Each structure stands twice: as structure tokens, then as C-alpha cells.
Amino acid sequence: MSGITIALSKGRIFEETLPLLAAAGITPTDDPEKSRKLIIGTNRPDVQLVIVRASDTPTYVQYGAADMGIAGRDVLIEHGGAGLYQPLDLNIARCRVCVAVRKGFDYARASQPGSRIRVATKYTKIAREHFASTGVHVDLIKLYGSMELAPLVGLSDAIVDLVSTGNTLRANNLEAVEDITTISSRLVVNQAALKVKRALLQPVIDAFAGAVTP
Ligand code: ATP
Ligand code: PRP
């Protein structure tokens, strides 16, 4: 495309990006929650949106299939960030990555340096680095969602997952026992596209920067 392609995931990132797009004069012509279309036009003939899985956004931008995208810091850490320019923290989709266990589980004892615990998570890189830094040996079990179930059915001692309101943990009789890091979503830009399409991309980056709410 001679114009620009922006990768977004539907749900909270799409919703929270709408005001930023508006600030750049961009209005999508379809609602991804209602449409099955994966390529969505906008009021601007030179801007299109592609709707991808949240964890796939960095990949589309890395390979230049999208010129820019918006991805959670969790996803970016797991991806590694190769080939991505990350000019802006957009301060949207804010949450934190936590270690959580069943209420009543003696985590202080289970997590003494040198001990070994079983942790289920989608965030294996974040979890591995965290437990390496605390000196706990960890057997990681990779999951793709609904991590909260794992300690309830004996799949793991603990999980590493995103927490925002804490409602999901509470509803499943779990509690956060360690905060690992805070998360928000970032603008990611393909480095080659930034050079070739700077005239189109830079105004969008600047408009997003001006619309970020602290
Ligand atoms: P995928 O579809 O690839 O499995 P996902 O289901 O985690 O990913 P979303 O739920 O749309 O995708 O989350 C997108 C991003 O929003 C996450 O990467 C994270 O940065 C952030 N996020 C996830 N859950 C919350 C939450 N409860 N509150 C605030 N932000 C969140
Ligand atoms: C995310 C995350 C937690 C939940 C935490 O799930 O995986 O389960 O939010 O938010 P809370 O502390 O406010 O309850 P999400 O709602 O995105 O569901 P999904 O990952 O299954 O799409």
C-alpha cells in the first residue's frame, strides 16, 4: 500500500486507540467487534487498519506487513522488540504483571531462594527472568489463556498473569503475592517504514503524542 497500515487488536486496545486515531484525523469505517473484516478502511484513503491478535501485533510490524501498531509492554517483552521503533508509551490498557497463588498457599515458603515451584503462564520470558532474579527454580508450564484455572486444578503452584482490577483473581479465590512490572501499551513502528514513509507516519506519531493522557 502506498498509504499506511496500522495493526490493532480488537477489544480494549482498539477501543482505547479510537481517541488517539481521532486526534490524528482517522476514523475507522467499520467496528471490528461487529464486522468479520480483518482489513478495515478509514475516512482517509491513505490509512487502513489491520485487526490482529494482540500477541501478533509486533510480528506484523517487524516484518513490515503493518507500518505501525499498538501493543502491550507484556507482548513486546515476550516478542523481544527486534526491528521495532518504540517512540511512545500511550498510557492505555494499563495493568500489572503479578505472581498469583490460591488463597492460603504458603508462597513465602514456596519461593525461598533455592526452592522449586511450578508456574503456569502465557508470559514465559517475563516469568523466567523474574524467578531467575529471585533465585527460585521454576518449572514453567506454557498456557495461552485462562491462567487463573491452573492453580485451582493442581496444574501449577502459581501463575504469572496480568492484573488490573483484581476481579478475576478474587472470583477464582486467588491472590497476587508479587508484582513483577507495570504494563501499558506502546506505539511500535517499523524502522524501514519510518524512513520511507516518514511524511505519512510522523504526523500520526505526533498526533498520538499530543493526545496521550498522563
Ligand atoms: P491474545 O488475543 O493475543 O491472546 P489478549 O487476549 O491478552 O491477547 P487483550 O485481552 O485484548 O489480548 O489484551 C491486549 C493488551 O491489553 C495486553 O497485551 C495487555 O497489555 C493489556 N491488558 C490485558 N488485560 C488487561 C486488563 N485486564 N486491564 C488492562 N489492560 C489489560
Ligand atoms: C485479562 C488478564 C486477566 C484479567 C485481569 O484477561 O488475562 O485474566 O484481564 O483483569 P482484572 O484484574 O481487571 O480482572 P481479559 O479480560 O483480557 O481476558 P482474555 O485475556 O481471556 O481475553
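Aspartate 31, with a relative accessibility of 29%, counts as partly exposed, a class that lies between buried (under 20% relative accessible area) and exposed (over 50%), computed with a 1.4 Å probe on protein chains only. Its partner in a salt bridge is lysine 34, with the closest N and O atoms 3.8 Å apart, where a salt bridge is a side-chain nitrogen of Lys or Arg within 4 Å of a carboxyl oxygen of Asp or Glu. Lysine 34 is itself exposed, at a relative accessible area of 73%. Aspartate 30 also takes part in a salt bridge, pairing with lysine 37 at 3.3 Å between the closest N and O atoms; aspartate 30 is partly exposed at 25%, and lysine 37 is likewise classed as partly exposed at 45%.

This is a predicted model, in which local features need pLDDT of at least 70 and side-chain atom pairs count only at pLDDT 80 or more, whereas totals for chains, interfaces and linings use all residues. Residues are numbered from 1 along each chain as its sequence is written, chains are lettered from A and ligands numbered from 1 in the order in which they are written, and side-chain values use heavy atoms, with hydrogens and water left out.

A further salt bridge joins the side chains of aspartate 139 and arginine 116, at 2.8 Å from N to O. Aspartate 139 belongs to strand E8 (residues 137–142) and arginine 116 to strand E7 (residues 116–121), so the pair ties together parts that are 23 residues apart in sequence. Of these two, aspartate 139 is partly exposed at 32%, while arginine 116 is exposed at 52%. Over the whole structure, the search finds seven salt bridges.

The protein has nine helices and eleven strands, these being DSSP runs numbered from the N terminus, with helices (H or I) of at least four residues and strands (E) of at least two. Alanine 93, in the loop between strand E5 (84–89) and strand E6 (95–102), has a positive phi of about 50 degrees although it is not a glycine, and alanine 93 is buried, with a relative accessible area of 13%. Asparagine 173, in the loop between helix H7 (167–171) and strand E10 (174–183), has a positive phi near 60 degrees and is partly exposed at 43%.

At the level of domains, whose bounds come from an automatic or database domain assignment, the protein is divided into domain 1 (4–93 + 184–211) and domain 2 (95–183), with 30 Å between their centres taken over C-alpha atoms. Seven residues of domain 1 are in contact (heavy atoms within 4.5 Å) with ten residues of domain 2. Together the domains bury about 800 Å², 51% of it on carbon and sulfur atoms, buried area being the accessible area (1.4 Å probe) that two parts lose on being put together, summed over both. On the side of domain 1, Asp74, Ile77 and Glu78 lose the most area to domain 2, together 61% of what that side buries. Across this interface the rule finds zero salt bridges.

For the protein as a whole, the C-alpha atoms fill a box of roughly 60 × 35 × 30 Å along the principal axes, and 45% of the 214 residues count as buried.
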